[in-house]
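The following note concerns the model shown below.

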Amino acid sequence: MADGSDFEFAANSAPVSAEDRAAMLTEPGFGRVFTDHMASAEWTEGRGWHSARVMPRGPLSLDPAAAVLHYAQEIFEGLKAYRTETGDTVLFRPDANAARFRKSAERLAMPMVSDDLFIGAIEALVKADRDWFPAGPEGALYLRPFMFASEAFLGVRPAKEYRFLVLASSVAGYFKGAPKAITIGVSRNLNRAGPGGTGAAKCGGNYAASLVAQAEAIEHGCDQVVFLDAVEHRFVEELGGMNTFFVFDDGSILTPPLDGTILPGITRDSLMTLARDEGVVVREERYAIDQWQADAASGRLRESFACGTAAVVTSIGKVVDGDTSFIIGDGGPGPVTQALRERLVAIQRGQSNDPHGWLKRLF
Ligand SMILES: *Cc1c(COP(=O)(O)O)cnc(C)c1O
């Protein structure tokens, strides 16, 4: 199944016309433009995975008692397919997304999805919708594999039926108008995740829990919210959907450790590897919010940035914490952040060598 060839293919009989597609791809933004197809598979207890197919993208028919609608048994992934300058279509570390999807599934008491099913579904979908890559340097197909409990049952236990789907969305930049550095607001009262919770799983519930804090941050003029640890309300964890890094005057970089409340980002891991390749000292340590402010004031802290598949690497220029705020560096994107971003993007776009074998060529 690894090459997607085991997926039945039911072509969309009313695809978007080439003309309309071209119009949709001129300014796709993020997560608004969807392709003609989706990949789908079903899981039933006793039978396992079956009915793998690529089919026209469209509304689902779901029993209103479907467990996901009541108890939120749902997980997802996010990765991008890129078109390189040589015309190859590639995925970036899809095996890492597949492995993380299994970890999330385990935490949410859901069935395992093999690499073959996970990557095969993506491959079959990207092949079907290969005409949906936007032009331009940030253009990509953002892939959204997800799985939810479809069994109609209101009792509380892991469901016995699941659906696995992959959507593809044509994307350009994540932040509208690509701001040079973002402003983030500290959430003092609301937590994203606590010890023993689901913070390390990529599940919709974590996002549901983060939305009020995100909305509050936006009300206060910020682009994103940053969460602190749920126990001491001191240590910086991550944004609603991005990991955080700190760059110091001695050239070292720091990112909070994966202690179960932080999502293990593949961008985070890739940037740590690239930095270490270049001899940079990378520490995974807790970092307190008051230390962040003090280090920004003293100049010991030079840069901060957020990272994730959707927004890649984004500088944090300003932090708003209640009535106070502080600027990082000169408030603009810093050189270490930009260099790391460029190094990563060059690999993803096939513009430089790929020393860790992160690209998987599809066709
Ligand atoms: C997906 C996600 C990230 C980033 O992970 P990547 O693998 O780098 O895309 C960070 N934090 C949260 C909460 C996420 O859901």
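In which sense, parallel or antiparallel, do strand β16 and β17 pair, and over how many bridges? Strand β16 (residues 301-308) pairs with β17 in the antiparallel sense, over four bridges. Two strands are taken to pair if DSSP finds at least two bridges between them.

1. Basis of the note. This is a predicted model, in which local features need pLDDT of at least 70 and side-chain atom pairs count only at pLDDT 80 or more, whereas totals for chains, interfaces and linings use all residues. Residues are numbered from 1 along each chain as its sequence is written, and side-chain values use heavy atoms, with hydrogens and water left out.

2. Overall composition and dimensions. The protein chain has eight helices and 19 strands; helices (H or I, at least four residues) and strands (E, at least two) are DSSP runs, numbered from the N terminus. Its radius of gyration is 21 Å, close to the 21 Å that the globule rule gives for 363 residues, so the chain is as compact as a globular protein of that length. That radius is taken over C-alpha atoms, and the globule rule is 2.2 Å times the number of residues to the power 0.38. Along its principal axes the C-alpha trace spans about 60 × 50 × 35 Å.

3. Of the 363 residues in the protein chain, 51% are buried. Buried means under 20% relative accessible area, exposed over 50%, and partly exposed in between (1.4 Å probe, protein chains only). Among contacts (heavy atoms within 4.5 Å) between residues at least 6 apart in sequence, 70% join residues at least 24 apart. The chain exposes about 15800 Å², and carbon and sulfur atoms supply 51% of that area. Accessible areas come from the Shrake-Rupley method with a 1.4 Å probe; for residues, only the protein chains shown count as cover.

4. Charge. There are 36 positive and 47 negative side chains in the protein chain, and the centres of the two sets lie 1 Å apart. Lys and Arg count as positive and Asp and Glu as negative, while His and the chain ends are not counted. The place of a charge is taken as NZ of Lys, CZ of Arg, CG of Asp or CD of Glu.

5. Strand β17 and its partners. Nine of the ten residues of β17 (residues 312-321) are buried, so this strand is largely enclosed by the rest of the structure. With strand β10 (residues 181-187), β17 pairs in the parallel sense over five bridges, and A181 stands opposite S315.

6. Two hairpins. β16 and β17 form a hairpin with three residues between them. A hairpin is also formed by β17 and β18, with two residues between them, and G322 in that turn has a positive phi of about 60 degrees.

7. Contacts of T183. This residue lies in strand β10 and is buried, with a relative accessible area of 17%. Leaving aside neighbours within four places in sequence, T183 is in contact with G221, C222, D223, Q224, K318 and V320.

8. Contacts of I289. Helix α7 (residues 289-298) contains I289, which counts as buried at 2% relative accessibility. Not counting residues up to four places away in sequence, I289 touches V186, R188, L228, R234, V236 and D321. The C-alpha atoms of I289 and E237, 52 residues apart along the chain, are separated by 9.7 Å.

9. Backbone angles to inspect. Most residues other than glycine have a negative phi. S51, in strand β4 (residues 48-56), has a positive phi of about 55 degrees although it is not a glycine; at 34% relative accessibility, S51 counts as partly exposed. A72 has a phi near 60 degrees, likewise a positive value in a residue other than glycine. A72 lies in the loop between α2 (68-71) and β5 (74-76) and is partly exposed, with a relative accessible area of 39%.

10. A separated pair. A14 is placed in the loop between β1 (8-9) and α1 (18-24) and is exposed, with a relative accessible area of 59%. The C-alpha atoms of A14 and A296, 282 residues apart along the chain, are separated by 55 Å.
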